[in-house]
Structure formats: structure tokens, C-alpha cells
Amino acid sequence: IGDAVITTDTTGRVTFLNPAAAEFTGWTAEEALGQPLAAVYRVINARTREPMEGVSEVVRHHAVEGSSADRPVLVARDGTERPIDRSAGPIRNSQNQIVGVVLTFKDVTGQRRREEHRNARLGVTQALVHSTTVHDAATGVLQAVCENVGWDAAFFWLVENERLECRARWHRPELPLEEFGVESCKHRFLPGEGLPGRVWASSEPTWI
């Protein structure tokens with residue numbers, strides 16, 4: 001099948017990896033055999049970055065566990081991250097006893113990105129519809145973009161007196177970025193100066 005497949009015993013030791021799972025995790029089947037599942041199949045919560053369970057849930061509940069709304073992310077051996085859809089279920093013997101667990105997952109990077117962009121567009125539209133000032137609109141747009149594409153902070157710059165000045169900012173309230181935001185907005189940029197000035201000068205998106 002096209003999906004990645006990993007099986008384990010009831011203690012969570014890997015017993016099988018198919019080629020797709022080897023490609024996604026960065027482990028060969030020979031290297032992974034007998035390894036703890038958590039070492040080979042590292043899955044984290046996209047929002048909290050906390051590890052997500054796999055085998056113990058299935059063994060404990062004797063049931064198939066489907067994909068979580070927490071948007072699981074697979075972390076490969078080399079640190080590469082990719083969003084996945086996943087499911088897991090018990091492997092039973094002829095006496096209906098659980099003798100292992102099978103996990104299947106697939107890369108949903110494109111699908112996840114399309115969802116994020118669609119939700120961001122909807123959020124931006126709502127922010128513009130319900131705003132009465134440029135500042136309110138900009139703040140709402142920044143929040144919609146950050147919340148839907150996973151960014152921590154954003155700034156809105158306008159040209160005033162031949163310089164770029166920060167006119168709105170937003171950051172995730174749970175992160176200690178208030179001082180960073182205040183200090184960032186104290187700066188004013190000429191064309192080509194700083195990241196905002198480079199965007200102004202080139203009229204193109206810029207990444208560093």
C-alpha cells in the first residue's frame with residue numbers, strides 16, 4: 001500500500017517497517033527492528049510540540065485510534081518534520097489476544113497547507129469586514145494569518161515621511177514576546193534597510 005506502515009509488539013518494540021515508513025522516518029527496516037517505537041516514530045503535537053502516544057493507547061483501550069485534531073507531526077531521524085494523518089490498531093491472534101500494534105500514516109503536507117491558507121483567507125476577510133480603522137484591520141489580519149499558518153508574531157509596516165513605521169503588531173498571548181514587539185516597533189527603516197526595508201526596496205517577499 002502507499003501508506004507508511006509500522007508494527008510493534010505489545011511492549012512497543014518495532015517488528016516491521018515498510019518502505020514508505022522507512023523513507024518518512026529515516027530508519028531502515030534493519031536498523032529499526034527491536035528499537036523502541038518512540039525512537040523510530042517520533043510524533044509531536046503541532047501546537048504544543050509535546051510527544052504524542054501511539055502503542056500504549058491502543059493496548060490500553062483495545063481499539064483503533066484515529067488521527068487527532070491536534071495535527072500530528074512526524075519528526076524524521078534527520079530532524080525533518082512533516083504533518084501526517086495517522087491511525088493505529090491492535091494486532092490479535094486466533095485467541096483474540098493483542099500481540100502487537102499496527103500503525104499507518106501518510107504525508108499530508110499539501111493538504112494541510114491548503115487548509116491553513118483557506119482558513120487564513122477566511123480569517124483575513126472577517127477581520128476586514130468587522131474593522132473600522134486601518135489599525136484594527138491590520139491587527140486582525142496579522143492575528144488571522146499567525147493563528148492559521150502557525151506563526152508566533154507579525155508586524156504591519158506603513159510608509160510615513162519616507163520611512164517605514166510599524167503601525168500594528170500581534171503575537172501569541174502565551175509567548176513572552178511583548179518586549180520584542182515593543183522594541184521592534186521603535187525602529188524606522190529606509191528602503192533597503194533591515195528586513196522591512198529590503199521588502200520595500202525590492203517589492204518582493206523576502207526570507208531570512
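Predicted model: local features only at pLDDT ≥ 70, side-chain atom pairs only at ≥ 80, totals over all residues.
**The six-stranded sheet**

Start by colouring the strands β1 to β6. These 6 strands make an open sheet in the order β2-β1-β6-β5-β4-β3, with antiparallel pairing. Now pick out β2 (14-17) and β3 (42-45): they stand at the edges with a single partner strand each, so one side of each has no neighbour in the sheet. If you look across the strands, the twist averages 35° from one to the next.

Next, select β5 (residues 81-92) together with β6 (residues 98-107). The two pair in the antiparallel sense over 9 bridges. For a landmark on this pair, show Ser87 and its bridge partner in β6, Thr104.

**The largest nonpolar core**

Show side chains for Ile6, Val14, Leu17, Tyr41, Leu74, Leu103 and Phe105. The largest nonpolar core has 20 residues, and these are the ones that touch the most other members. To see where the core comes from, highlight β1 (4-8), β2, α1 (19-25), α3 (37-40), β5 and β6; each supplies at least two of its residues. As background, nonpolar side chains in soluble globular proteins tend to be buried together.

Centre the view on Leu17. Leaving out residues up to four places away in sequence, Leu17 touches Val5, Ile6, Ala22, Thr25, Trp27, Thr28, Ala29, Ala32 and Val40.

**Rings in the core**

Stay here and select Phe24, Tyr41 and Phe105, which ring pairs link into a cluster. The whole structure holds 5 aromatic pairs. One of them joins Tyr41 and Phe105: the pair is tilted, 5.1 Å centre to centre with 45° between the planes. Tyr41 sits in the loop between α3 and β3 and Phe105 in strand β6, so the pair ties together parts 64 residues apart in sequence.

**A stop at Gln35**

Move to Gln35, in the loop between α2 (29-32) and α3. Gln35 is partly exposed, with a relative accessible area of 30%. Apart from neighbours within four places in sequence, its contacts are Gly12, Arg13, Val14, Trp27 and Val40.

From Gln35, jump to Ala138. The two are 103 residues apart in sequence and 50 Å apart in space, C-alpha to C-alpha. Ala138 belongs to a second, separate core of 6 residues, which also includes Leu142, Ala154 and Trp170.

**Strands β7, β8 and β9**

Select β7 (153-160) and β8 (residues 163-171). They run antiparallel and are joined by 8 bridges. Ala153 has His171 in β8 as its bridge partner. At the turn, β7 and β8 form a hairpin with 2 residues between them, and Asn161 there has a positive phi of about 55°.

Now bring in β9 (188-189). β8 and β9 pair in the antiparallel sense over 2 bridges; show Leu164 with its partner in β9, Phe189.

**The cysteines**

Which residues does the disulfide join? Display Cys166 and Cys185, whose sulfurs are 2.3 Å apart. The pair links distant parts of the chain, 19 residues apart: Cys166 is in strand β8, and Cys185 is in the loop between α7 (178-184) and β9. Cys166 counts as buried at 11% relative accessibility, whereas Cys185 is partly exposed at 24%.

Then select Cys146, which is in no disulfide; the nearest cysteine sulfur, that of Cys166, is 12 Å away. Cys146 is buried, with 0% relative accessibility.

**Last stop: two tryptophans**

Finish with Trp151 and Trp207. Their ring centres are 6.4 Å apart and their planes stand at 85°, so this pair is edge-to-face. Trp151 is in the loop between α6 (134-149) and β7, while Trp207 is in the segment after α8 (194-202), 56 residues apart.

How values were computed. Residues numbered from 1 in each chain as written. Heavy atoms only, no water. Pairing = 2+ DSSP bridges. Helix = DSSP H or I, 4+ residues; strand = E, 2+ residues; numbered from the N terminus. Axes fitted to C-alpha atoms, helices over the stretch in contact; angles between N-to-C directions. Core = buried A, V, L, I, M, F, W, Y, C linked by side-chain atoms within 4.5 Å. Buried < 20%, exposed > 50% of the residue type's maximum accessible area, 1.4 Å probe, protein only. Contact = heavy atoms within 4.5 Å. Disulfide = S-S within 2.5 Å. Phe/Tyr/Trp six-rings, centres within 6.5 Å; stacked < 30°, edge-to-face > 60°.
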